[in-house]
Amino acid sequence: MKDVLITGASRGVGFALASKFLSKGDRVFCASRNLEPLQKLSNQYGERCVLVELDLQSEPSITDAVGAIAKMSSRINIVINNAGALVNKPFRDISRKELQMCYDVNVLGPYQLMQKLLPFLEKDAHIVFISSMGGFQGSQKFAGLTAYSPSKAAEASLTECLQEEFKESNLAFNCLCLGAVQTEMLQNAFPGYQAPLTPEQISDYIYQFSTTENRFFKGKIIPVSLSTP
Ligand SMILES: NC(=O)c1ccc[n+]([C@@H]2O[C@H](COP(=O)([O-])OP(=O)(O)OC[C@H]3O[C@@H](n4cnc5c(N)ncnc54)[C@H](OP(=O)(O)O)[C@@H]3O)[C@@H](O)[C@H]2O)c1
């Protein structure tokens, strides 16, 4: 049984991932602001499904979340930094508040979460960042995503920097840049767009990648896309 932390577990890719790990017998720390949708997983899997309140926009919340996790485990095997926030607006109209929110959830929050979580990681833990094709260098870009896509690019770069800083350790940091997946985020950003993948399908891949591929990949930014939104 592995100890796994998944952020953004309340819906979309994160919820599908939490379900996947739980169905395989792992203990999953499911983190997000809204814990209500996770209640059914908690009822189904009991103690193996640990609900953790986490607001990545708030440092005290990150501190509290790590404190709650650390009371139960000091050997987290896998962290999936999956939570994300997207603003789709013309460049001219994006406010400082919206920009800040995007960077808090996609970059600063995961950054601080990893800082605080470090002492509680297993020595060969695999830390996976879920970025986007929008943040992958050279990919097609979309109007309206000047807050989101550069923040996802920063998340990808953070992966490389962390691996360099911890290169003497057995920790592995990798980043998966996803293409379109049919979730609430995509539906809100691109109404009517039909993605080629469901959250369950991409979570099969992320599960396999995060449980096995740290043997072969370290500090890598990997595009995982059938399309390029
Ligand atoms: N769907 C796509 O097409 C697509 C494509 C490329 C990359 N991605 C990336 O894949 C990841 C998952 O996206 P998704 O499509 O599943 O999105 P989603 O359905 O909108 O889910 C986002 C998750 O992030 C959590 N979250 C948002 N703000 C948060 C905050 N301040 N603190 C803590 N958690 C927060 C939400 O939980 P609460 O609201 O309960 O906090 C929710 O569980 C994201 O990183 C996204 O950028 C998605």
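1. Does Ser151 count as buried or exposed? With a relative accessibility of 0%, Ser151 counts as buried, where buried means under 20% relative accessible area, exposed over 50%, and partly exposed in between (1.4 Å probe, protein chains only). Ser151 belongs to helix 5 (residues 148-165); helices (H or I, at least four residues) and strands (E, at least two) are DSSP runs, numbered from the N terminus. Neighbours within four places in sequence aside, Ser151 is in contact with Cys102, Tyr103, Asn106 and Val107, contact meaning heavy atoms within 4.5 Å.

2. A word on the basis of these notes. This is a predicted model, in which local features need pLDDT of at least 70 and side-chain atom pairs count only at pLDDT 80 or more, while totals for chains, interfaces and linings use all residues. Residues are numbered from 1 along each chain as its sequence is written, and side-chain values use heavy atoms, with hydrogens and water left out.

3. Helix 5 as a whole. Buried residues of helix 5 include Tyr148, Ser149, Lys152, Glu155 and Gln163. The packing partners of its buried residues are strand 4, helix 4, strand 5 (121-132), strand 6 (172-178), helix 6 and strand 7 (221-224).

4. Helix 3. Residues 59-72 form helix 3, whose 14 residues reach 21 Å from first C-alpha to last, close to the 20 Å expected. Ser61, Ile62, Ala65, Val66 and Ile69 are buried in helix 3. Viewed down the axis of helix 3, its buried residues fall within an arc of 130°, so they line one face of the helix; the arc is that of the directions from the helix axis to the C-beta atoms. Pro60, Asp64 and Lys71, on the other side of helix 3, are exposed. The buried residues of helix 3 pack against strand 1 (3-7), strand 2 (27-32), strand 3 (49-53), strand 4 (76-81) and helix 4 (96-117). At the start of helix 3, a side-chain oxygen of Ser58 comes to within 3.1 Å of the backbone nitrogen of Ser61.

5. Helix 1. Among the buried residues of helix 1 are Val13, Phe15, Leu17, Phe21 and Leu22. Strand 1, strand 2, helix 2 (39-45), strand 3, strand 4 and helix 7 (199-212) are the elements against which the buried residues of helix 1 pack. Gly25 follows helix 1 and has a positive phi, near 100°.

6. Val224 is placed in strand 7 and, at 14% relative accessibility, counts as buried. Val224 and Met133 are 91 residues apart in sequence, yet 7.8 Å apart in space, C-alpha to C-alpha. Not counting residues up to four places away in sequence, Val224 touches Met133, Leu176, Cys177, Leu178, Gly179, Ile202 and Tyr205. Ala195 sits in the loop between helix 6 (184-189) and helix 7, and is buried with a relative accessible area of 10%. Leaving aside neighbours within four places in sequence, Ala195 is in contact with Ala180, Val181, Gln182 and Leu186.

7. Lys141. This residue, Lys141, lies in the loop between strand 5 and helix 5. Lys141 is partly exposed, with a relative accessible area of 45%. Its side chain makes a polar contact with the side chain of Ser139 (3.0 Å); a polar contact is a pair of N or O atoms within 3.5 Å, and within protein one must be able to donate a hydrogen and the other to accept it, with residues adjacent in sequence counting only if both atoms are side-chain atoms. The side chain of Lys141 also reaches the backbone oxygen of Phe136 at 3.2 Å.

8. The ligand. Which residues are closest to the ligand? Of the 30 residues that surround the ligand, the closest are Ser10, Arg33, Asn82, Tyr148 and Thr183, a residue being near if one of its heavy atoms lies within 4 Å. An oxygen atom of the ligand is 2.8 Å from an N or O atom in the side chain of Arg33, and a nitrogen atom of the ligand is 2.8 Å from a polar backbone atom of Leu56. Taken alone the ligand exposes 880 Å², of which the protein buries 96%; accessible areas come from the Shrake-Rupley method with a 1.4 Å probe, and for residues only the protein chains shown count as cover.

Terms used: Expected span 1.5 Å × (residues − 1).
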